[in-house]
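Please keep the sequence and the model at hand while reading.

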Amino acid sequence: NELIAWRTLPGAPVAHGGIVQFDRERDGGTRVHIRMSYNPPAGWFGHEVAAVFGVDPKHSMDEDLVRMKTLIETGKAPHDAARADTASAGV
């Protein structure tokens, strides 16, 4: 209930890993610390090419964090969150 960590398996198209740590605050709130790293295909050049095409991993992560915050605070997935059961069914 304090830490989530992950890393991709060898051979993943984009190797990445991260840690999300939850610290209880005195006022009853929670501070979230996030460390994430990834290795885009073709290294830094691949990152620059992705940026040219409008792919921004930081922006995507920020949007994911907003959805996670909504889920944690309300217990319900936000309306724009992908659902695992429809994604796997091809809906």
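The numbered points below go from the chain as a whole to individual residues.

1. The structure is a predicted model, and confidence should be read before any detail. The mean pLDDT of the protein chain is 78, with 86% of its residues at 70 or more. Among the secondary-structure elements, strand β1 (residues 3-7) has the highest confidence, at 92, whereas helix α3 (residues 84-89) has the lowest, at a mean of 44.

2. Over residues 84-91, pLDDT stays under 50. For this segment the model has one contact beyond four places in sequence. The placement of helix α3, whose mean confidence is 44, should be read with that in mind.

3. Overall arrangement. Three helices and three strands are found in the protein chain, and along the sequence their order is β-β-β-α-α-α. Of the contacts with a separation of 6 or more, 17% are between residues 24 or more positions apart.

4. Burial and surface. How much of the protein chain is buried? Buried residues account for 8% of its 91 residues. The chain exposes about 7,800 Å², and 58% of that area comes from carbon and sulfur atoms.

5. Strand β1. This strand is joined by five bridges to strand β2 (residues 15-24), and the two run antiparallel. Within the pairing, leucine 3 stands opposite glutamine 21 in β2. Strand β1 lies largely in the open, because the number of buried residues among its five is zero.

6. A nonpolar patch. Phe45, Val49, Val52, Phe53 and Val55 make a nonpolar surface patch of about 570 Å². One of these residues, valine 55, is located in the loop between α1 (43-52) and α2 (57-74). Valine 55 counts as partly exposed because its relative accessibility is 48%, and a residue needs over 30% to belong to a patch.

7. Salt bridges. How many salt bridges does the structure hold? There are two. As a general point, side chains of opposite charge can pair when their charged atoms come close.

8. The pair in helix α2. Lysine 69 forms a salt bridge with glutamate 73, and their closest N and O atoms are 2.8 Å apart. Both residues lie in helix α2, four residues apart, which is about one turn of the helix. Lysine 69 is partly exposed, at 48% relative accessibility, while glutamate 73 is exposed, with a relative accessible area of 56%.

9. The pair of arginine 31 and glutamate 25. These two residues form a salt bridge in which the closest N and O atoms are 3.4 Å apart. Arginine 31 is partly exposed, with a relative accessible area of 45%. Glutamate 25 is also partly exposed, at 30% relative accessibility.

10. Proline 78. Is proline 78 buried or exposed? Proline 78 counts as buried because its relative accessibility is 15%, and the cut-off for burial is under 20%. The residue is placed in the loop between α2 and α3. Leaving aside residues up to four places away in sequence, proline 78 touches Arg67 and Thr70. The C-alpha atom of proline 78 is separated by 9.2 Å from that of valine 66, and the two residues are 12 residues apart along the chain.

Key:
Residues are numbered from 1 along each chain as its sequence is written. This is a predicted model: local features need pLDDT of at least 70, side-chain atom pairs count only at pLDDT 80 or more; totals for chains, interfaces and linings use all residues. Side-chain values use heavy atoms; hydrogens and water are left out. Patches are made of residues with over 30% relative accessible area and no salt bridge: like charges are joined within 9 Å, nonpolar side chains (Val, Leu, Ile, Met, Phe, Trp, Tyr) within 5 Å. Accessible areas come from the Shrake-Rupley method with a 1.4 Å probe; for residues, only the protein chains shown count as cover. A salt bridge is a side-chain nitrogen of Lys or Arg within 4 Å of a carboxyl oxygen of Asp or Glu. Buried means under 20% relative accessible area, exposed over 50%, partly exposed in between (1.4 Å probe, protein chains only). pLDDT is the predictor's confidence in each residue, from 0 to 100. Contact means heavy atoms within 4.5 Å. Two strands pair if DSSP finds at least two bridges between them.
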